[in-house]
Amino acid sequence: MEEKKNPLLKSTMTFGAIMGLALIVISLIMYLTNQIEKSWLSNTFTFIVLIVGITLSSKYHRDNSLNGFISYGQSLSCGVLTGFFASILIAFYTFILFKFIDPSLIDQITNMAREKILERYPNFTDEQVETALSMTRKFTNPAVMFFMTIIGTTFYAFLVSLIVSIFIKKEDTSIDSNFQQNA
């Protein structure tokens, strides 16, 4: 018996892997050029990769698996799955970077958080600053960052997919399609 392959999983895994690798390359460039504190730049590139990757993934699935037609819901699920598979790669990269390659990044993040707290609340005592930093330390554990990366990237992929799916959807309005739906 021939095994039936799921074209949605195949295309979303492929585009998710490409997107994940692109995001890793961007993150590596930011790390190697010591620009890691410029989160706005990293976030801008991340959103560009998400928009392009989700658009290409949904269009590919529409044109190659669904005969050129895709509903809003199908496009949305395609985009979210693509983002989810990309997030898994990014999460592994993040874990390896913070756990093994450069654990001092956690101290850098904590120091940046301390500076921002003092900049925003200059009257805070040392005890208040340490209390605020305790939350930062809880979320800068590599294992926690692994799961937060999956949740965060998948959520952003969901948001991007909500918008991209408006432009990707293409309903079949032919007479044959209407006849098949009513039969």
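Is Asn67 buried or exposed? Asn67 is exposed, with a relative accessible area of 69%; the cut-offs are under 20% for buried, over 50% for exposed and partly exposed in between, with a 1.4 Å probe and protein chains only. The model is predicted: local features need pLDDT of at least 70, side-chain atom pairs count only at pLDDT 80 or more, and totals for chains, interfaces and linings use all residues. Residues are numbered from 1 along each chain as its sequence is written, and side-chain values use heavy atoms, with hydrogens and water left out.

**View 1. The whole protein chain contains seven helices and zero strands.** Read from the N terminus, the order of elements is α-α-α-α-α-α-α, where helices (H or I, at least four residues) and strands (E, at least two) are DSSP runs numbered from the N terminus. The protein chain is more spread out than a compact globule, because its radius of gyration of 21 Å is well over the 16 Å that the globule rule gives for 183 residues. That radius is taken over C-alpha atoms, and the rule is 2.2 Å times the number of residues to the power 0.38. Along the principal axes, the C-alpha atoms fill a box of roughly 70 × 35 × 30 Å. Of the 183 residues, 32% count as buried.

**View 2. Helix α2 covers residues 39-65.** Its 27 residues should span 39 Å at 1.5 Å a residue, and the end C-alpha atoms are 37 Å apart, which agrees; the expected span is 1.5 Å times one less than the number of residues. The buried residues of α2 are Val49, Leu50, Gly53, Ile54, Ser57, Ser58, His61 and Arg62. These buried residues pack against α1 (7-32), α3 (72-101) and α6 (142-168), with contact meaning heavy atoms within 4.5 Å.

**View 3. Asn67 lies in the loop between α2 and α3.** Asn67 follows α2. Its phi is positive, about 55 degrees, although Asn67 is not a glycine. Most residues other than glycine have a negative phi.

**View 4. Thr153 is a residue of helix α6.** Thr153 counts as buried, at 13% relative accessibility. With neighbours within four places in sequence left aside, Thr153 is in contact with Gly83 and Ser87. Across the protein chain, residues 24 or more positions apart account for 76% of the contacts with a separation of 6 or more.
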